[in-house]
Amino acid sequence: MEKSNGLRVIMFPLPIQGCVNPMFQLAKILHSRGFSITVIHTRFNAPKTSNHSLFTFLEIPDGLSEKDKSTHDVTLLLTLLNRSCEAPFRECLTKLLQEKQRISCLIDDAGWIFTQPVAQSLNLPRLVTNTYKVSFFVGHFVLPPLRRDRYLLQQGSEQDEPAEEFPPLRKKDLLQILEGETEVLDSYSDMILQTTKASSGLIFVSSCEELDQDSLSQARKDFQLPIFAIGPSHSYFPGSSSSLFTPDQTCIQWLDKQEDNSVIYVSFGSVVNITESELLEVAWGLRNSEQPFLWVVRVGMVNGTKGVEAIPEELMERLEEKGKIVKWAPQQEVLKHRATGGFLTHNGWNSTVESVCEGVPMICVPSVWDQLLNARFVSDVWMVGLHLEGRIERDEIERVVRRLLLEPEGEVIRERMKLLKEKVGRSVKENGSANRSLQDLVDYISSF
Ligand code: UDP
């Protein structure tokens, strides 16, 4: 580790799993380059401070009721947080700036839309982090006007055709994204756009030239800001995650007993929910594939009251013959394990990048928002996975698992994934594009 450079960076993660992990990775990177780190965080989904003894933590109240905290509507949750955190955040930041220490800048997620005016009023530069794929972040600002023309997209039967408005989505993907779009989301996106443009720079914490070359040039044109793409941030400190849930480490001993590339790992991330009937279809599909599987069924992931108990006892016994079900997995370790041969994923961007970094081919089951675009890159552009095309049905799942793990087609996909892994791996090594971008970021922050 480099010695302290006397500069402090204030970080303010958005309290959802997909944003917390990359923000803490960035904090660790900056700390290793000599910066002191203060993390301001909400009470809701507070990070486990004991896991990060090198940082200073300051908690602010977030005003969320128990009902707010249990909502599955992410836009609503973010809107409420943005509304109630502004005053306590301003107070906290003002106090920090009065202390005798050199504070270089604020780094927080694009999803915090009140922090730009607050930082500006206190003369503090703000850098914005983003956890989407660059092409989704740049492209998704076209969605609000498209929503008004949704009926045009619905015409014609060729829903599998490319959506020219937002490549490489297909028309049916675009429709699915627009179905979930609301006016609240539109105005939230607009605020993200405005406040990001007013910031001092944009950091893509999980992207690099190798995954996003064209959209990075587009982003530089659109935003006219210094833009940094520091690569898969977890690869700078492998094996360290900032999980909000407790990972079940028995997964690893279980994987140790399985053959190389034989296990299908199944996870839908930290937010997506499924119905009881989808749960049963996945269960039957995995069992009938006769392949070993490791399946994450989060508490609260299944709509309805029963959760994993919706699986009848007899089926559960049969599942246990072949697989293991856990509430939360140490995902990066699981993907790194020699036994993991495929990842049936919802294609959150973190999960997608983690899979690429470990060379694990995917089966794509995107459900909402950027997941649909990430999945198209995996299946149609990089061709490192198979797409379930929304068919969460037992026969389809059985077939696709066997295609990926047992058939020659799966081997070809695995070879392609190996090449992509190597390309992305090189970018974080010395002189790689992501590594250079990180050095530029460090120099930039030091210059404030
Ligand atoms: N994750 C994990 N254990 C699990 C499931 C997910 O550690 O059992 C982590 C995963 O490694 C990733 C994050 O949770 O870093 C999920 O982020 P992603 O962007 O993939 O999806 P989101 O949860 O935001 O939909």
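His 41 has Glu 59 of β3 as its bridge partner in the predicted model. This pair belongs to the contact between β2 and strand β3 (residues 56-60), which run parallel and are joined by five bridges. Strand β1 (residues 7-12) is also parallel to β2, and four bridges join these two strands. Among the residues involved, Ile 10 is partnered with Thr 38 of β2. The strands β1 and β2, together with α1, form a β-α-β unit of right-handed sense.

Strand β2 (residues 36-42) is largely enclosed by the rest of the structure, because seven of its seven residues are buried. In a regular strand, side chains alternate between the two faces of the sheet. In β2 both faces are covered: one side carries Ser 36, Thr 38, Ile 40 and Thr 42, the other Ile 37, Val 39 and His 41, and all of these residues are buried.

The ligand is surrounded by 21 residues, of which Gly 18, Gly 269, Ser 270, Gly 348 and Ser 351 are the closest. Three helical segments, α1 (17-32), α14 (331-336) and α15 (349-357), each contribute at least two residues to this shell. The largest share, four residues, is supplied by α15. By residue class, the shell consists of 13 polar residues, seven nonpolar residues and one charged residue. The shell draws on domain 1 (7-141 + 181-231 + 428-446) as well as on domain 2 (250-425), so the ligand lies between the two domains.

A further site considered here is Ser 437, which is part of helix α19 (residues 433-446). Ser 437 counts as buried because 23 C-beta neighbours lie inside 10 Å. Apart from neighbours within four places in sequence, Ser 437 is in contact with Phe 228, Ala 229 and Ile 230. The C-alpha atom of Ser 437 is also separated by 8.7 Å from that of Cys 208, although the two residues are 229 residues apart along the chain.

Methods: Residues numbered from 1 in each chain as written. Predicted model: local features only at pLDDT ≥ 70, side-chain atom pairs only at ≥ 80, totals over all residues. Near = placed C-beta within 6 Å. Nonpolar A, V, L, I, M, F, W, Y, C, P; charged D, E, K, R; others polar. Domains from an automatic or database assignment. Buried ≥ 20, exposed ≤ 12 C-beta atoms within 10 Å, placed from the backbone. Contact = placed C-beta atoms within 7 Å. Pairing = 2+ DSSP bridges. Right-handed = clockwise from strand over helix to strand, strands pointing away.
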